[in-house]
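I opened the notebook to record what I looked up.

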Amino acid sequence: MTVPRLRIEKRLRQRRWLMVGVPLGSLVVAHIAIAILLAATGHPPLTTFRRLFDAAYLADGALASTLIAATPLAFTGLAAAVAFRMRLFNIGAEGQLYFGAIGAAGVALLLAGRSTPVIIVAMVAAGAALGAAWGAIPGLLRAFLRTNEIITSLMLNYVAALVLNYLIFDSLSYWRDTSATGQVFPQGKMLPDAASWPVSTIGSVAVPFGFPLAIAAAVVIWVLYARTRFGFEAQVIGDSPRAARYAGMRTRRKIVAIMCLSGGIAGIGGASQMGDFRHLLDARGLQQANYGYTGIVVAALARYNPFAVVLVAFLLGGLQNAGFTLQSAEFPSGLVGVMQGMILFAMLGGELLVHYRISVARGGRRGQPAAEVAG
Amino acid sequence: MNNSIVVVVLASAVAYGTPLLYAALGELLAERSGVLNLGVEGMMLVGAVMGFLAVQRVGGPAGLVLPVAIGVAALAGAAAALILAFLVITLRANQIVSGLALTIFAGAAGLSSYIGNDFNLADNPARYSFGPVNLFGLQDLPVLGPVVFGQSWLVYASWLCVVAVGFYLARTRPGLNVRAVGESPAAADAMGIAVTKYRYLHTLAGGAFAGVGGACFSLALTPQWVDGLTAGAGWIAIALVIFAFWRADLCLVGAYVFGAFSALPFTLQARGVTITPQLFQALPYVMTIVVLVLVSSGIGKRRLGAPGSLGIPYVREER
């Protein structure tokens, strides 16, 4: 019995055009799948796409809202990228961002009355420090006890969320609004006006201060991995721990350092949430946004390249902003998540085509290794 | 006596632990075959919404509709798992990113919300739900009555599932094969075990269990539909599998311990005792980290049974 069989074999050389063609093809496939879903549930696909695109980039003020949505995703995406490059699967950006927000809001309240530049520097520093500290826990456990960082960083997200809830809902903490209304409707204390980060206008688009800060972080990460010995060694450790050990590289301290860096970047994302956008420790809003998990998606779509992370964050930020703007009875809720998921599925699946060649081998007998028949 | 606080907490620990138990049993099967599926939360939500949809739209008496709804929930969970299985087994994609993608795709802001919204499920309570069943008429026994004999059919069925999964993994030929696939796929392949088939089947079974776990929420615990109904239970289930050292019987113990922690603050509050709920809610996560540290330290590793090739794709040509 002859059965046509798919053969998958590794490409010896990576084709350049595939690096661009496959992601584009994946995007097309994902959109076709989404269109089918929309049509099947009685929503006209093209109109829906056009409304999304309009609300994300073209409408009045759309770009400014998209940048606000994109900034936290850029930070958490960079946090994931910097760790994943070293095959450290830090999925704790969510919790590290919460702690960054706690730290930044804390110093902003503490330094009320100081000048804006002082407060901004302190907020970024505190956000980075607390995020890094929270990221250091799975880093230290991984480095010294060989504990899998995937699950520990994931669990710590929930612990961080509970800390956030405790500070705002179940205690009279420094962060909580303890005035009469705050007692009835628990919420964070308003940060001083001087803690609002400046907004620059380019053309007619308002750019939050956090966005250029994220671009600066991307440059730092690029320099780190492309131009420094530290980054090179981190990558070797990720690719082949054994080779790194034989070469005498200090594995443990690099694991801790990269986890701290990753957590610190996510923490600055939390600081930017406080300074650019929320201006109070918004426990519920931060948790509903899921920035940390979406950041991993951003990093994966960008193939862990820091500049691509910023670009993808901008695109997905547009999608999120549009979904939020259009939210109404007749617009399908949940569409944003479905679209993000499908785009990611298509990209992940398409990745195979970049690294492998697929051909149909005819005449291979079932159960017999087809590779030997074809030589 | 059956109204004493201990009994109430124990009974609600069993009720709240049941969705965790189903999802953890499913994740256990997938992980034993070497697939780390981080999409549990998404699969649970899809199961919850589809089970709820079935209860609202399928005509017939409760005794027929409810089992059908559970079947629908299981199928929906398995269908969601199929996406992940295809990506990570056939296309060799990164398991972590794929699992997160599945949760984003199916989760609280994704497909489950889309379905719930498109069919207007949020407006009405469930037409039928799983209520307490007085098993063998023993519900009035002191202590044991409410805890063991006053639960819903979903709880009783979960005990059968624990026995079945435990027996399957420990005592049957296919169960042995699964463990071989999870431990060392290359060796299993050399023995003639179909690695791909085993991984697919167990990932799908895992999705079906997760779907039923989600339906425990929408058809028993809180018989209604709201976005994100499971509220993170899927992530606790992933923790639970580790906490239970990848064993079905310990999944049962762990599920009730974790269920008690999530139920305790509410039960105590209803009795006028105010405590910090976050302290209890954080315990499952902290305990899981502690267990994981034990597992990964030298002593624990051999004895506690983490599958050797968990999370690693298997490619015959590259072994």
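My entries follow, with the ground rules ahead of the findings.

I am reading a predicted model, where local features need pLDDT of at least 70, side-chain atom pairs count only at pLDDT 80 or more, and totals for chains, interfaces and linings use all residues. Residues are numbered from 1 along each chain as its sequence is written, chains are lettered from A and ligands numbered from 1 in the order written, and side-chain values use heavy atoms, with hydrogens and water left out.

**Entry: chain B against chain A.** I looked up the contact (heavy atoms within 4.5 Å). Chain A gives 50 residues to it and chain B gives 41. Together they bury about 4000 Å², with 75% on carbon and sulfur atoms. Buried area is the accessible area (1.4 Å probe) that two parts lose on being put together, summed over both. On the chain B side, Ile104(B), Tyr114(B) and Gln278(B) lose the most area to chain A, together 16% of what that side buries.

I then checked for salt bridges (a side-chain nitrogen of Lys or Arg within 4 Å of a carboxyl oxygen of Asp or Glu). I found zero between chain B and chain A.

Which element of chain B gives the largest share of the side that touches chain A? H13(B) does, with 11 residues. Helices here are DSSP runs (H or I, at least four residues), numbered from the N terminus. That side of chain B divides into 26 nonpolar, 12 polar and three charged residues. Ala, Val, Leu, Ile, Met, Phe, Trp, Tyr, Cys and Pro count as nonpolar, Asp, Glu, Lys and Arg as charged, and the others, Gly among them, as polar.

**Entry: two helices of chain A.** I turned to H4(A) and H5(A). Residues of H4(A), including Phe99(A) and Val107(A), meet residues of H5(A), including Leu130(A) and Trp134(A). This contact divides into 11 nonpolar, seven polar and no charged residues.

**Entry: salt bridges.** One joins Arg87(A) and Asp239(A), with the closest N and O atoms 3.4 Å apart. Arg87(A) sits in the loop between H3 and H4 of chain A, and Asp239(A) in helix H9, 152 residues apart.
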